[in-house]
Amino acid sequence: MTPDVLERAILEFDRALRAVAGVHQADRPNPAGGIPEAELGPQEREHAAALMRVNHVGEVCAQALYQGQALTARNPRTRESLERAAREEGDHLAWSMDRIRELGGRPSLLNPLWYAGSLALGLGAGLLGDRWNLAFLAETERQVEQHLTGHLGDLAPDDARTRAVVEAMRDDEARHRETAVSLGAAELPRPAKRAMRAMAKLMTSVAYRV
Ligand SMILES: [Fe+2]
Ligand SMILES: [Fe+2]
């Protein structure tokens, strides 16, 4: 192992630990910034915390996916874009964790499991080559984007702090998808998209509770 590869491996491992432990620091300011806290009922609050737990799990998975893919990407430009997107996913990770705490919730107990599963998927997609790696990524981002749009319809209308975080994440995910497409993502076959959707559905319903 060359020092460069070793250094990268250590950085990635450190990133993994921080993702799973929920102690990641954001590079960009939290989009909820100076927005005042809304008066939420206990049920609204609990629901918002559970939705943010689901989103946080999504971001733990995004860390692992991007790590797996950046490690296997062949084209330097692709790798660079993946790393940039991964840093933005790191912001999402920190923002959603902040919001969970503010709402009095807790992150998923299964985070190490979500992380490991996604890393395996990311490495697997990466081994298929950049075109399929990017295809998987573009579809993931598209589904996350739709999912976040669903949350915006589901959150209390005056919960402006949660909404600001979800909206900012959704805008980033849309950009990540566009980047993946512009880098030459293939179009995934329909059954693969369906399988991904089914898996995401299972994951979100488990993460909502645990
Ligand atoms: Fe994200
Ligand atoms: Fe993303």
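Let's start in helix H6, where glutamate 173 and histidine 176 sit 3 residues apart, about one turn of the helix. (Helices are DSSP runs of H or I with at least four residues, numbered from the N terminus.) Both glutamate 173 and histidine 176 are buried, meaning under 20% relative accessible area with a 1.4 Å probe and protein chains only.

A word on the model: it is predicted, with local features needing pLDDT of at least 70 and side-chain atom pairs counting only at pLDDT 80 or more, while totals for chains, interfaces and linings use all residues. Residues are numbered from 1 along each chain as its sequence is written, chains are lettered from A and ligands numbered from 1 in the order in which they are written, and side-chain values use heavy atoms, leaving out hydrogens and water.

The iron ion (ligand 2) is coordinated at 1.8 to 2.3 Å by Glu89, Glu141, Glu173 and His176. Donors here are N, O and S atoms within 2.8 Å of the metal (3.2 Å for Na, K and Ca); water is not among the atoms, so sites may look incomplete.

Glutamate 89 bridges the two iron ions, ligand 1 and ligand 2, which lie 4.0 Å apart. Distant parts of the chain are linked this way: glutamate 59 belongs to helix H2 (residues 42–72) and glutamate 89 to helix H3 (residues 76–102), 30 residues apart. Glutamate 59 is buried, at 2% relative accessible area, and glutamate 89 is buried too, at 1%.

How values were computed:
Helices (H or I, at least four residues) and strands (E, at least two) are DSSP runs, numbered from the N terminus. Buried means under 20% relative accessible area, exposed over 50%, partly exposed in between (1.4 Å probe, protein chains only).
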